[in-house]
Amino acid sequence: MDHPFAITLDVGSSRANKTGSWRTERPLYVHNQPPCNRACPAGEDVRTWLYDAEEGGDAYERAWRRIMEVNPFPAVMGRVCYHPCETGCNRGQLDEAVGINSVERFLGDEAIRCGWQVTVDQPSSGLRVLVVGAGPSGLSAAYQLARLGHEVTIIEAAAKPGGMMRYGIPEYRLPREVLDAEIQRILDLGVHLQLGTTVTDLDATMREGRYDAAFLAVGAQLGRRAHLPAGTASHVVDAVALLHHLGEGDRPMLGRRVAIYGGGNTAVDAARTAKRLGAEESVVVYRRTRERMPAHDAEVREAEEEGVRFTWLSSITQVEEGSLTIERMELDETGFPQPTGVTEQLPADSLVLALGQDSDLRFLDGVSGIEVDHGVVTVDEQMMTGRPGVFAGGDMVPDQRSATVGIGHGRRAALGVDAWLHGRTTAQPDDAAPAEFEALNTWYFADAPRAHRPLLEAVRRSSTFDEVVQSLDADSALYEARRCMSCGNCLSCDNCFGVCPDNAIIKTGDPDTPYLIDLDYCKGCGLCAAECPAGAIRMAPEDI
Amino acid sequence: MTDLKLYQVGTFAAGNRLVDLELRSVQAHADRANSITSGHRACQGCGEALGARYVLDAAMRAAGGDVVVANATGCLEVFSTPYPESSWQVAWLHSLFGNAPAVAAGMAAGLRALGRETRVVGQGGDGGTVDIGFGCLSGMFERNDDVLYVCYDNQGYMNTGVQRSGATPPAARTANTAPLGPEPGNAFGQGKSAPLIAMAHEIPYVATATVADLRDLERKVEKAMSIRGARYLHVLVPCPLGWAAASSDTIRLARLATESGIFPVFEAEYGEVTAATPIRRPVPVDEYLRLQGRFAHLFGKHARPDLVARIQAAADRNIVRFGLVEAEPRTGS
Amino acid sequence: MFEQLEGSRAVAKTVARCRPAVIAAYPISPQTHIVEALSDFVRTGELPGCEYLMVESEFGAMSACIGASGVGARTYTATASQGLLFMAEALFNASGLGLPIVMTVANRAIGSPINIWNDQSDSMSQRDAGWVQLFATSNQEAVDLHVQAFVLAERLSLPVMVCMDGFVLTHAVEAVDLPEQAQIDAFLPPFAPRQHLDSRDPITIGSMVGPEAFTEVRYLMHDQQLAALDELPRISQDFESVFGRDTGGLVRPYRTEDADVIVVALGSVLGGVNEVVDALREDGVAAGSLGITCFRPWPAEAVRAAIGPARQVVVVERAFAPGVGAIVGQDVRHALRSAPGDGPAVYDVVAGLGGRPVTRASLRGLLDDVVAERLDPHELHFLDLDHELLERAGTPWRRTS
């Protein structure tokens with residue numbers, strides 16, 4: 001067509017006008033640290049494996065492998081972890097935290113169901129590492145070390161591996177076939193496991209085994225005793241022992257009425273176990289209030305549903321056959337319980353003490369360089385003790401005591417061992433800025449209440465050791481994964497691409513870098529950053 | 001789990017890597033028409049540039065790219081076609097300030113006479129639509145011409161220095177409604193609701209939308225394009241310049257306008273309201289007003305809570321009138 | 001074939017045979033029967049394939065024409081008087097965009113005071129709108145010029161007004177030889193627009209042009225309009241060869257070859273003027289007339305050539321420009337700028353405003369005064385001015401220039 005001069009123009013010719021010169025700020029895609037990742041003691045990249053899992057189908061395996069990079073126990077942790085990730089989850093400020101733990105469990109179970117395996121991708125280093133203790137921390141370390149190409153031997157005192165996962169956590173919370181499957185996967189990497197063997201002299205064991213390094217994770221297996229005046233006929237057991245027996249397949253006799261003394265998770269486990277062992281009454285006696293109880297709320301709630309009773313602000317002063325004397329307590333200004341002198345009787349056929357646990361560190365006697373302080377072993381950032389080449393983790397070092405923490409220790413120590421063996425220092429974790437809730441644009445997230453895992457009906461729960469908390473079905477797991485807001489990281493929602501009034505976002509098609517800013521045209525209005533649901537874009541001043 | 005609403009960003013973001021391509025917004029597609037492309041001279045964060053691309057890209061998709069556009073004089077025209085550069089990538093004609101509906105009607109007639117299937121979109125700002133072009137618009141409605149007419153409402157004459165239009169809201173500061181005297185800013189009154197007047201013509205389709213709810217906007221364009229006859233779409237497009245707001249707040253302001261009830265989002269067929277978009281997260285009008293310099297005189301040292309209350313009352317009336325609050329929260333559609 | 005037809009109907013039938021694709025018009029006064037008849041033709045199928053838009057205003061009418069022409073449809077409308085003024089903004093736009101719209105202007109007065117009768121103030125007021133303006137002296141010529149107007153408009157991508165005196169022509173029943181459909185089809189090819197909106201080959205029409213190119217754009221428009229001065233005579237010749245009627249091209253000289261005094265006029269008044277010229281000739285006065293068919297672009301050369309060595313030129317205008325007087329007269333003087341010697345005396349005579357008849361007697365009286373040099377060529381003259389009415393209004397005749 002013959003176009004008249006000036007009044008008719010060619011389409012798209014304005015692209016000659018580079019409006020990027022107007023800009024005083026430019027958008028940058030960030031990778032901030034989501035609170036779930038920040039909170040995970042095992043060091044999982046939760047946001048990213050949820051991102052994978054959101055796709056469903058084949059992507060479940062990718063998500064599972066991403067968990068497996070740091071944690072070899074997704075199915076176990078998906079059951080027993082107290083999920084600080086969820087406590088930190090930004091979605092909790094919007095509606096309810098994402099059920100990260102249930103998704104992890106779903107993925108872990110999928111892996112077992114589908115028989116997904118991991119492999120050792122490194123050539124053999126020819127180096128031998130000793131791991132003492134086949135609990136979560138020791139197994140975690142062994143797993144990582146094996147994958148790094150080292151020859152690993154675990155020496156475990158008990159008859160079966162798993163540590164507190166087997167001997168502390170009742171079966172109704174963690175079915176043994178799940179535990180066995182995940183342990184077996186570690187052993188399948190070629191890890192040697194020596195059961196029923198107690199290391200009594202570390203130096204000797206290392207020397208005889210020609211180990212180049214060691215990781216110690218013997219746990220805290222000794223139940224703390226209280227000095228209670230007790231009659232000779234009184235039946236007093238400690239919770240650790242009770243649960244250990246159970247783990248070995250015994251069904252200890254506790255009687256019709258059982259009292260449990262303590263306020264931690266172990267106390268609740270013991271109380272719920274007592275119910276399952278046939279106790280008509282299972283009463284937790286705790287010196288403070290429910291609010292101050294260290295046991296996790298969900299555990300307490302489930303216990304209550306099963307008929308476990310709680311006697312708050314109570315201290316046991318006397319144990320008789322068939323009865324306990326309980327003194328009422330009151331909290332002082334500092335929140336510490338103080339006796340009131342008021343007592344009452346509580347009928348009880350047996351008393352289970354759940355007052356804390358200690359580590360048995362006698363095998364370290366005489367091992368030079370290792371420092372023990374307040375019953376735990378001092379370690380550095382890489383989990384190395386004062387003795388070069390000897391690392392420690394889990395319940396025997398100063399930290400929170402949980403399986404998840406132990407798994408994190410195991411991995412950190414494994415990396416430390418590997419670096420030490422190769423004469424390197426470990427890489428510093430990059431210090432990404434935290435992904436704050438305020439940086440999100442939560443408008444874009446559909447109102448999606450959390451999918452809660454179904455619970456076994458209460459009647460069955462109080463009489464069997466069947467698993468109480470059930471798995472999410474696949475749809476619910478996917479739904480839950482998709483509730484993740486991907487805090488501080490691009491979730492490929494195309495919103496920046498959509499909201500730019502200047503078409504200055506380029507969609508690359510590359511999943512790793514889905515978008516680029518076209519600086520030729522970006523005027524720096526900031527709409528992409530303001531409207532990014534995930535808070536994954538930051539405006540940075542231009543040098544002008 | 002094919003139900004889109006269960007995904008993390010629901011239907012509210014432009015795209016979603018997990019759903020089928022056709023379920024994503026038009027704006028999520030790398031091959032969208034980009035009806036108005038880069039290099040235009042709109043201010044940073046221009047709601048109108050954004051709204052025009054949203055609307056026309058959706059119209060282009062609905063019509064298989066077979067669209068011609070008549071554009072009224074105004075910001076949109078000025079910033080997009082200064083010789084020698086055009087930002088349009090659609091067949092586009094600008095005639096005058098007050099005649100875009102008639103030009104569009106003529107286009108539709110011409111195309112029909114020539115036996116072409118090409119669809120016609122007329123568009124303009126609020127001044128060109130509710131003020132100077134209103135006669136032509138009403139004629140287009142009354143004749144039921146086969147045109148989708150789109151008003152990008154930024155509530156004033158902006159590129160000429162922010163003058164008042166018939167769509168300027170009460171109390172707003174403009175170049176000719178200064179915040180002076182006992183009734184600072186624009187006068188309170190019934191205003192001129194072009195959508196309601198359009199409905200009075202009982203045309204097949206009338207809808208309002210904003211740049212804050214892309215999916216809703218695109219759905220309405222798509223629906224409008226599926227209908228023959230006169231259709232009217234009124235899109236709220238915040239103006240950082242005229243509203244004296246941050247350029248990054250454009251979409252947020254549109255969202256707050258709807259969530260406060262100030263701008264009801266609804267659709268109507270043949271004169272009857274058929275649907276209203278419920279408010280999802282209700283906010284008082286303060287939250288909307290405070291972000292805008294044109295309402296600054298209502299706050300601060302010489303605050304006028306009485307005027308804010310009047311604006312709130314108008315918003316509340318919209319909420320009742322259009323049924324903008326529903327019992328069940330929206331989870332996406 | 002000759003038919004006894006009202007002028008409007010003759011034009012309507014002819015326009016219909018030009019096969020417009022879109023007609024957009026405002027229906028009422030100031031309007032003629034043209035668009036009513038066309039509306040009937042569209043409804044009855046006599047004008048197939050045409051869309052008829054009954055718009056809400058003349059502004060809407062011209063705007064719809066702009067849209068229709070913009071997508072490549074042959075487009076027609078008609079208006080008059082106030083309606084033309086209400087279109088004014090769109091007129092400039094249509095010409096600026098180079099849209100070949102054809103419009104009939106049934107020339108009528110513009111108010112205030114409101115007056116529905118004939119004069120040419122309306123189209124004269126749009127002199128600079130960038131439209132080609134053709135003036136018909138008779139209904140036959142109106143018919144013939146419409147056919148040529150479509151050819152001219154589409155060849156040059158310019159809008160064309162065909163001006164015909166309201167009532168005097170539009171409502172007069174005369175015998176008209178209507179061009180046959182087949183003849184028109186042969187003469188007027190299907191519309192092939194210079195450019196049009198096409199979704200498959202999109203362009204941006206109607207940009208904003210700043211100081212850097214605005215003058216050039218306007219110059220090009222001028223240049224394009226001037227091309228009509230070459231094109232119209234060609235079309236007119238072609239028309240004559242097909243239809244056998246000489247429409248004169250740019251101007252219609254009548255007995256000017258040896259004339260001492262020449263009357264210049266536009267439109268239907270020329271019939272009466274020519275009768276007076278004949279009478280003067282019979283009385284020994286070497287009189288002639290010059291009808292301006294193409295008022296815009298202004299055919300300066302043709303005007304100068306036709307006037308030749310005449311001593312006196314009387315411009316009879318059915319419009320005037322308050323505050324200065326002549327409109328056409330100024331153009332005539334412009335045409336004569338480069339005439340040899342002092343050139344002729346040019347008399348500006350305002351006549352027939354608001355429907356006042358221009359009688360042969362008045363014209364004869366005027367010309368007798370001119371020939372006798374009783375009129376001052378430096379003054380503006382009003383034909384049949386009612387001095388008594390002016391007295392009554394309290395402002396007696398004072399001066400005219």
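The face of helix α9 of chain A that is turned away from its buried side carries the exposed residues E177(A) and Q184(A). A residue counts as buried if 20 or more other C-beta atoms, placed from the backbone, lie within 10 Å of its own, as exposed if 12 or fewer do, and as partly exposed in between. The model is predicted, so that local features need pLDDT of at least 70 and side-chain atom pairs count only at pLDDT 80 or more, while totals for chains, interfaces and linings use all residues. Residues are numbered from 1 along each chain as its sequence is written, and chains are lettered from A and ligands numbered from 1 in the order in which they are written.

Helices (H or I, at least four residues) and strands (E, at least two) are DSSP runs, numbered from the N terminus. The buried residues of α9(A) are V178(A), L179(A), E182(A), I183(A), R185(A) and I186(A). Because they cover an arc of only 155° around the axis, they lie on the same side of α9(A); the arc is that of the directions from the helix axis to the C-beta atoms. These buried residues pack against α4 (74–80), α6 (100–114), α7 (136–147) and α8 (164–167) of chain A.

In chain C, C50(C) lies in the loop between α2 (33–44) and β3 (51–54). C50(C) is buried, with 22 other C-beta atoms within 10 Å. Two residues are in contact if their C-beta atoms, placed from the backbone, lie within 7 Å. Apart from neighbours within four places in sequence, C50(C) is in contact with A113(B), P20(C), A21(C), V22(C), I23(C) and V42(C). The C-alpha atoms of C50(C) and E3(C), 47 residues apart along the chain, are separated by 25 Å.

Also in chain C, A300(C), V303(C), R304(C) and I307(C) in α11(C) meet V332(C), H334(C), A335(C) and L336(C) in α12(C). The residues of this contact divide into six nonpolar, one polar and one charged. Ala, Val, Leu, Ile, Met, Phe, Trp, Tyr, Cys and Pro count as nonpolar, Asp, Glu, Lys and Arg as charged, and the others, Gly among them, as polar.

Between chains A and B, 49 residues of chain A are in contact with 50 residues of chain B. The elements giving two or more residues to the side of chain A that touches chain B are β1 (8–10), α16 (474–481), α17 (495–499) and α18 (527–530) of chain A. Of these, α17(A) gives the most, with four residues. By class, this side of chain A has 25 nonpolar, 11 polar and 13 charged residues.
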